[in-house]
Amino acid sequence: MDSPAPTAQARRTPLVLAALTIIAILGFAGVSRLVTRLKANEKRIAFHAFEAGLAEFQAGHPERALDDFRAALSYDRDNPQYQLSLARALRDTGRLDESEAYLLHLWEGSPQDSTINLALARLAVRRHSVEDAIRHYHNAIYGVWSSEPDKNRRQSRIELIDFLLQGKGFPQAQAELIALTQVLPPDPAQQLAVADRFRQAQDLPDALARYQAVLKLDRKNASAFAGAGDVAFQLGRYRTAENDLRKAIELNPSDAESRRQLETASLVLATDPFLRRISDAERDRRIVSVFNQAGNRLKACARAIHVDLPSTASPGKATNANPMPSAGNDLPSLWTRWQAARPKLRKLSSPANADLPDVLMDLILQIEQQAAQQCGPPGGVDLALLLISRDREAVDE
Amino acid sequence: MSEAPAISSPPNAAVTSHERSTNALARRLARLTFQTNFEEERFFLILSIFIGVFSGLAVVCFRVAIDWSRIALMGALPHPHALRIIGAPTAVGLLVAVLVVHVFPQVRGSGVNQTKAALYVYNGYIPFKNAVGKFLCSALAIGSGQSLGPEDPSLQIGASLASALGRRLELSREKLRLLAPVGAAAGLAAAFNAPISAVLFVIEEVIGRWSAGILGSVVLSAISSVVVMRWFLGADAIFRVPVTAFVHPAELLAYAVLGLVGALAAVIFANAIGYFRPRLRVFPRWTHYLQPALAGFFIGLIGWLGAPQVMGAGYEFIDQAMHDQFAWKFLAILAGLKIIATTLSFVSGTPGGMFAPTLFVGAMLGGAVGGVERHFFPLLTVSTGTYALVGMGVLFAAFLRAPMTSVFMVLEVSGNYSIIVPVIVANTVAYVISRALQPVPIFDLLTRQDGLVLPSLEEQREEEILRVEDAMKPGTALILDASASLEEVAIRTRDLPDKIFLVRMSPAGWSSITRELLDRMMKEGKGALTLASVLPIRRLPYLYPDLPLDAALRYINQAELIPVVNRADLRELEGVVTRDDVLSRYQADAVDD
């Protein structure tokens, strides 16, 4: 078979292609060198601009930092640090949409980056967008941190908890707090901060447990004693409160709030006729005492608000009537009921009137509640009685 | 190894040695011819890749040069000193004017028209000097803050490189002519980091027609140049496009308004350039040294007075507009100032492109229109960034009059196909209104001002072409059947005035018989013969009604009567055309024009 004669062009083609390839390789090398130099120069300029911007930002001038960050990005547009800084500056100057655009762009590139997620979460906080904030905070907590991951995760969760507490999202905050306790180091300061947040989230048992955990680590922590005393007080555990508050005052005598609470707790303990481990005689004595206190409170309140009380109750009525008649709870009615009940005090120790202490205490507590409603919050023994009434209602519920 | 298929001849023992040698020579010639053509085609495709690579490298260098000159002339700080803002474009304008007047006279303007002229007028010849001049002058001008872009110069640099390479390799004239658009596509694709848009633009604006022969080369060069560009400068799109979405169909109305406003802005922009450019060029020659400098001075002044965003290509500010960083009033001001600045730069003869300014004006205008619409209709969910993005496409469609490129450009730049419907709506509105208000596209206007008339795809697309049906007459009253005898035919046609009759052949095809032939056959006593037996084997050509009338020109000298048949049934006659019909129709059309 005849073979075709190669044309001049066909002979030349491999040489031409080889020459073009060599030129292309040389061109690549040359351009590569050129671009490397340009990029190095641009990165240097960008870094200077970034540093200037950072200084402005840290000095509390995010508006001034914007131009520098933008300049930095114009020379090194892919630098995530510059983008993040610009986004933060934009956020702090209230340009939330623009900040979000930058952050979302960064987030698309690395959705697992916790720093970006944290910035997005803070942006969502500024927007009051609870769902987005929670989502991005969680992404930040469970994402990748380039340094100090444990510390940053804890910090992010604390930020989320504070955001939830601000918005009264107590159940969510409590859940986050419980998760946070799992990773807390044995550091009294951090444990104390968490305990305080448990208290703010109205999770009093966990708050008390956390304060107690702090006290195991630091027996001289006045704040922990004050916190534990306060929580125990709110829980109606006045004995514990009294102990903790006393220690808090010992360690920090200037703690006026604890002192006030201690006084109240001591009064509750000294007044409450239903306290366990007291004798019947003591109980009767306390009932008589608080009964008279309630009567005085009622009279003082009526006087203060210019309400006339009936002068005396009918003896016959008083003898036979129920000390808790179905009359209203206004001050005159309560006064009538109080006067009617007064003769019964003598029968407190009689086994035939086993329910009399409860009946009298109910009346006393109604008087205290009504007086508090009409004349404002009480102090001293009246406050103690009010707290006792609250605790009794909680038990009834 | 030969890739030509073997041409085999049937074995024939009777052939002589002379015949054998003649056959062998013919086969060999056929192989050589085939191989030469095939190798040239293949070589051209490979060469397209190299052109893409070289253009990509050149564009990367061009971008680097622009950045260097910008840093050197305007400084690296975000707020340059007033002296730099006004002084740099003025001084560089003077330098560029000297270079353009004395060294590189052909590098004025954008470069798109020069490339087109190379294809249609100069057989693909673009001096290499043009690439050098365009590179230097454009880099200096754009870097100094003249309101021009790097894309069109990149297009011309690519075309110049391709042309120089083709001449060096002594390619045929036909191939040499095709190389300019191949290089142009490569240059534009690298400059824009958008290969599809580059290919479409070159087809829409430079080549002016869809040609399968060159499409492969254009695509290859565009892709290879983009690969090179991304290798060095990264794969990121020019803009960081914010999250965009098309939520409700009612929002299309808002986009249509944007299309309307964009069209008006484009018409103003095009008219400003079209009005001032020829007037400034006829000024005395010494003023040509000052025109770019004056343009630079005024642009610097605009920058110094509070709108430095209009200086240079302005990509970073398009980016900022897309991210809602400017109030709508400022966006509107920027759009207007950019039109003024670009008009100044362009009509002064400063080398540089109009792509970037067009996108800038579009983005600012889009953002402004979006801002106004959102102010009055707060229920609109679309962000200003989305309007800015669509606005870029709108100006591209209305000003550069490349509707397909405009749509794909937005898609490539945004990487978001959910926005395609608003883009198409807005671009179509803008294109249609712009075309109605400004019949001659800007590039054609510039070419005509330069004394050239080059083909335009828009004109071809919009041209009303004559079709066969426009010249066709209804079918003749009588269609003869091929099985009929001459005697029957003679009887049937005796009283008819026609001199020629169509014959429907069996099973398919058409023929004709003249009365003269029929009469002669009858005189010769052949009346018993059928028409099929006396008519020539060769059938009449036939046409379809929707074919361009040009198609009929090929046949009007072959037959007196050409049947026009239905495409679904070739035996069904729709009409007939004759030479006189076709010529009369053309004459009538010429009179109408």
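In this predicted model, the axes of helix H9 (residues 251–281) and helix H16 (residues 420–437), both of chain B, come within 7 Å of each other and cross at roughly 35 degrees. Here an axis is a line fitted to C-alpha atoms over the stretch in contact, with angles running from 0 to 180 degrees between N-to-C directions; helices are DSSP runs (H or I) of at least four residues, numbered from the N terminus. H9(B) passes H16(B) in a right-handed crossing, the near helix being turned clockwise from the far one by less than a right angle.

H2 (residues 62–75) and H3 (residues 80–92) of chain A pack at about 155 degrees, with their axes 9 Å apart. That angle makes H2(A) roughly antiparallel to H3(A), a term for angles over 145 degrees.

How confident is the predictor, and what is the mean pLDDT of chain B? On this scale of confidence in each residue, from 0 to 100, the mean for chain B is 85, and 89% of its residues reach 70 or more. Residues 1–15 of chain B, however, stay under 50. The complex receives an ipTM of 0.71 and a pTM of 0.67.

Residues are numbered from 1 along each chain as its sequence is written, and chains are lettered from A and ligands numbered from 1 in the order in which they are written. Local features need pLDDT of at least 70 and side-chain atom pairs count only at pLDDT 80 or more, while totals for chains, interfaces and linings use all residues.

Note on methods:
Helices (H or I, at least four residues) and strands (E, at least two) are DSSP runs, numbered from the N terminus. Angles under 35 degrees count as roughly parallel, over 145 as roughly antiparallel, 65 to 115 as roughly perpendicular and the rest as oblique. Two residues are in contact if their C-beta atoms, placed from the backbone, lie within 7 Å.
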